[in-house]
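Me: I would like to go through this protein chain with you. Could you take my questions one at a time?

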Amino acid sequence: MTKYGYVSGWLQDSVIKQDDFESQAKILLSMGIPYDHCFADVFRNKNKERYQLFKLLNTIAHEGDILIVPSLTSLYSNVRELCCLMYIVEDTGIIIQSEDMDLSDDSDSSDWILASQLANLDYVHYLRQKRAFKAIKKAKYEATLNVGGRQKRVITPIYRQAYEYLQTHTYLETQIKFHLSKSTLYRIKRQIDNRKQPISTERSYDASRGDLDA
């Protein structure tokens with residue numbers, strides 16, 4: 001009977017921080033498993049293949065050997081991989097031990113283990129969807145800001161009042177009332193007008209208000 005260790009993951013996982021690669025590796029090394037018996041797969045970009053895991057399971061480990069992981073989630077990323085892992089354990093007789101629970105071919109609780117891990121997958125999926133939703137919401141908000149060369153600017157209530165005032169007054173009158181520069185008024189008008197009109201729509205100018213001087 002030989003003991004092996006395995007970890008996988010991204011170097012930085014912003015969603016499931018407790019399962020990131022670095023923290024798992026530290027846990028594994030503290031378990032006293034010889035360094036040359038430890039295997040690891042580091043995920044990069046969208047590649048989450050577990051090359052070292054399947055090398056271990058298919059060519060190195062034998063029946064009765066023990067594979068130790070900090071968490072069973074180190075061994076799979078989706079339902080298909082989880083089911084495949086269950087078949088491998090049953091066919092090879094390898095025992096998997098983790099802080100979560102033990103998994104072996106003769107476990108009477110295999111169905112319960114499978115169900116609990118499926119629930120974990122569903123929760124991880126929920127966290128990632130929630131993070132994606134926040135990212136989309138943030139991107140939509142940032143898209144409403146000025147994207148020129150300078151730092152993005154928010155249209156404040158004062159700026160909006162100045163814009164409304166400008167519709168019936170000259171730039172000079174608006175400058176005096178709101179203590180804003182002419183260039184700031186141009187920017188406010190441009191930002192708000194760009195939101196209201198399609199990009200392809202031609203801009204109209206009011207010569208009496210001084211737009212042609214921009």
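Me: Among contacts between residues at least 6 apart in sequence, what percentage join residues at least 24 apart?
Reply: The figure is 62% for the protein chain. Please note that the model is a predicted one.

Me: How many helices and strands are there?
Reply: There are seven helices and five strands. In sequence order the pattern runs β-α-β-α-β-α-β-β-α-α-α-α.

Me: And what share of the residues is buried?
Reply: Of the 214 residues in the chain, 36% are buried. The chain exposes about 13900 Å², and carbon and sulfur atoms supply 54% of that area.

Me: Turning to the largest nonpolar core, which residues touch the most other members?
Reply: They are Tyr6, Leu57, Leu67, Val69, Leu75 and Ile96, in a core of 18 residues. The elements giving two or more residues to this core are β1, α2, β3 and α3. Helix α3 provides the largest share, with four residues.

Me: What is Val69 in contact with, leaving aside its neighbours within four places in sequence?
Reply: Val69 contacts Tyr6, Ser74, Leu75, Ile96, Gln97, Ser98 and Glu99.

Me: Which residues does a second, separate core include?
Reply: That core has twelve residues, among them Tyr171, Phe178, Leu180 and Tyr186.

Me: Where is His179 placed?
Reply: His179 is in the loop between α6 and α7. Its relative accessibility is 71%, so His179 counts as exposed. His179 also has a positive phi of about 55 degrees, although it is not a glycine.

Me: Let us change topic to aromatic rings. How many aromatic pairs are there?
Reply: The count comes to three aromatic pairs. In one of them, Tyr4 and Phe39 are tilted, with 6.3 Å centre to centre and 55 degrees between the planes.

Me: Why does that pair tie together parts that are apart in sequence?
Reply: Because Tyr4 lies in strand β1 and Phe39 in strand β2, the pair ties together parts that are 35 residues apart in sequence. Both Tyr4 and Phe39 are buried.

Me: What form does the pair of Tyr165 and Phe178 take?
Reply: Tyr165 and Phe178 are edge-to-face, at 5.6 Å centre to centre and 70 degrees between the planes. This pair links helix α5, which holds Tyr165, with helix α6, which holds Phe178, and the two residues are 13 apart.

Me: Is Phe178 buried or exposed?
Reply: Phe178 has 15% relative accessibility and therefore counts as buried. Tyr165, with a relative accessible area of 22%, is partly exposed.

Me: Finally, where does Met31 lie?
Reply: Met31 lies in the loop between α1 and β2. At 32% relative accessibility, Met31 counts as partly exposed. Not counting residues up to four places away in sequence, Met31 touches Ile68, Pro70 and Glu99. The C-alpha atoms of Met31 and Ile68 are separated by 8.8 Å, and these residues are 37 apart along the chain.

Key
Residues are numbered from 1 along each chain as its sequence is written. This is a predicted model: local features need pLDDT of at least 70, side-chain atom pairs count only at pLDDT 80 or more; totals for chains, interfaces and linings use all residues. Side-chain values use heavy atoms; hydrogens and water are left out. Buried means under 20% relative accessible area, exposed over 50%, partly exposed in between (1.4 Å probe, protein chains only). Contact means heavy atoms within 4.5 Å. Accessible areas come from the Shrake-Rupley method with a 1.4 Å probe; for residues, only the protein chains shown count as cover. A nonpolar core is a set of buried Ala, Val, Leu, Ile, Met, Phe, Trp, Tyr and Cys residues joined through side-chain atoms within 4.5 Å. Rings of Phe, Tyr and Trp (its six-membered ring) pair if their centres lie within 6.5 Å; planes under 30 degrees apart count as stacked, over 60 as edge-to-face and the rest as tilted.
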